[in-house]
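Please keep the sequence and the structure in view while reading.

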Amino acid sequence: MLNGQIIFDYNAMMADQIGEYGLTPEALDALQEPLKKVHADLQNRSGKGADFLGFLDLPQVSEATLNEIQATADEIANTSDMHLILGIGGSYLGARALFEALCHPYHNQLPRTQRNGRPRIYFEGNNLDTDALQGLMDLLPETQPASLAETFSINVISKSGGTLETAAVFRLLRERAEQCYGDEAAQHIVATTDASKGKLKKLADDKGYKTFVIPDDVGGRYSVLTPVGLLPAAVMGIDIHQLIQGAKDMAALCQSDDLHQNPAYLYAALQYLSYTAGRGVSVMNIWDKALEYVGFWYDQLCAESVGKEDQGRIPLTGVCTRDLHSRGQELQEGPRNTVITNIALGQSHHTLMLQEDPENADELNYLAGKTVHHMLNQAFEATNFAYASAGRPNMRFILKKRSAYTLGALFYLLEVATVAEGYLMDINPLDQPGVESYKNFMFGLLGREDKADYKARFEQRTTPKVEYQL
Ligand code: PA5
């Protein structure tokens with residue numbers, strides 16, 4: 001059971017706290033019935049996009065599967081000191097979020113012993129950035145590694161197997177692996193992809209790579225609890241059993257059809273009501289640098305799920321207190337189109353305290369005996385009180401601590417909430433038809449035969465007659 005590991009507080013969303021811009025209990029209660037229908041659609045796998053609701057069952061993963069993932073991860077960790085994780089979107093952001101949240105903030109700079117024998121971790125295949133990729137390739141050997149410190153391994157993650165960024169970068173890095181390891185290259189590469197259909201599966205089978213399966217009924221942005229997130233996490237040394245346990249305990253709470261008992265439905269209802277009241281921008285203010293990528297993971301989950309049919313709120317991630325010095329002004333006094341979700345930690349892992357300074361030239365002695373985490377907490381309370389005082393709606397998730405367990409629970413909660421919100425909006429939160437449009441033109445311009453008509457359309461565009469040469 002979660003036993004208070006996560007606290008959700010939405011008082012400052014409500015009219016009795018923030019006045020005319022808040023929500024009423026009646027409005028929330030009016031969503032009870034629609035949410036019962038949402039609940040039935042989830043339970044019976046009968047809602048829009050139901051073929052992709054497999055993520056709901058992921059916490060039921062078997063012990064044998066987890067052990068197999070762990071064994072491969074340990075093998076990778078024992079035989080390589082640089083681990084390259086290639087993937088984009090849903091095949092990237094969950095693993096990155098786990099790395100940033102749960103590994104040492106300077107993991108790659110630490111000696112191997114202080115990394116608990118785990119490899120340095122690098123993410124690629126998430127862009128088409130020549131210089132960034134070359135920078136990574138500069139770190140890799142060009143011949144057979146002479147020591148463990150020079151060894152590298154690759155996990156290429158792509159459900160479709162056809163994603164340009166990941167596939168093109170993989171081709172370059174695979175060649176480097178073949179150059180360094182010769183006939184043994186396959187022992188240093190794993191592929192995480194679909195069970196049978198895609199190009200990557202065929203390539204992996206031809207080359208003899210070990211493969212992990214992304215289930216057909218789990219979409220990319222809902223896949224962090226499949227090998228997409230679990231294998232990288234296990235390589236990093238993160239406790240994947242705890243990650244799953246957190247999700248499992250959250251799944252138990254999500255069995256209720258009562259929005260006051262089911263935190264995912266409550267969060268969905270609050271976001272839905274805010275959106276329909278004109279709050280089209282939802283900011284996730286993260287009060288812990290290490291959780292920034294949890295925000296980016298959620299940006300994708302939300303944007304690709306609910307941003308369709310001319311609807312959907314625009315999610316933004318902020319890190320506080322850093323972004324109070326950039327976005328703070330607008331959130332306090334800008335247009336009334338924002339709703340804030342705070343993610344904060346009940347405790348930091350370490351204690352850093354300011355001491356009395358007899359000279360007090362910086363006039364900070366009033367902080368003597370106070371910890372940096374205490375200062376953050378006061379900034380957190382002050383900021384949200386200031387927002388609430390100005391009628392700016394905000395809510396908060398407090399994670400008792402940053403752990404695999406609390407993150408597993410949070411991931412699951414936000415996934416269920418996102419689908420529930422999409423169902424309240426009467427859209428399909430599990431597809432992403434809009435992302436095909438740019439891809440069609442891009443593949444056409446890059447010369448793919450089957451997209452030649454898009455290239456022709458592009459070439460017929462009206463081009464501006466005047467170029468401004470500055
Ligand atoms: O959520 C999604 O479906 C997308 O973000 C995909 O994860 C992303 O486009 C990568 O796709 P693939 O795993 O097929 O390479």
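The model is a predicted one. The side chain of Asp-288 meets that of Arg-402 in a salt bridge, at 2.7 Å from N to O. Because Arg-402 lies in the loop between strand 10 (394-399) and helix 15 (404-424), and Asp-288 in the loop between strand 7 (281-286) and helix 12 (292-306), the pair ties together parts that are 114 residues apart in sequence. Arg-402 also counts as buried, at 16% relative accessibility.

## Further salt bridges

The structure holds 23 salt bridges. One joins Glu-292 to Arg-322, with 3.0 Å between the closest N and O atoms. Glu-292 belongs to helix 12 and Arg-322 to the loop between strand 8 (314-319) and helix 13 (328-333), so parts 30 residues apart in sequence are tied together. Glu-292 is buried at 18% relative accessibility, whereas Arg-322 is partly exposed at 46%.

Another salt bridge joins the side chains of Arg-396 and Glu-381 (3.2 Å, N to O). This pair links strand 10, which holds Arg-396, with helix 14, which holds Glu-381.

## Negative charge at the surface

Which residues gather in a patch of negative charge on the surface? They are Glu-356, Asp-357, Glu-359, Asp-362 and Glu-363. Asp-362 is found in the loop between strand 9 (338-345) and helix 14 (372-389). With a relative accessible area of 47%, Asp-362 is partly exposed.

Methods. Residues numbered from 1 in each chain as written. Predicted model: local features only at pLDDT ≥ 70, side-chain atom pairs only at ≥ 80, totals over all residues. Heavy atoms only, no water. Patch = residues over 30% accessible without salt bridge, like charges linked within 9 Å, V, L, I, M, F, W, Y side chains within 5 Å. Areas by Shrake-Rupley, 256 points an atom, 1.4 Å probe, with all protein chains shown as cover. Salt bridge = Lys/Arg side-chain N within 4 Å of Asp/Glu carboxyl O. Lys, Arg positive; Asp, Glu negative; His and termini not counted. Charge placed at Lys NZ, Arg CZ, Asp CG, Glu CD. Helix = DSSP H or I, 4+ residues; strand = E, 2+ residues; numbered from the N terminus. Buried < 20%, exposed > 50% of the residue type's maximum accessible area, 1.4 Å probe, protein only.
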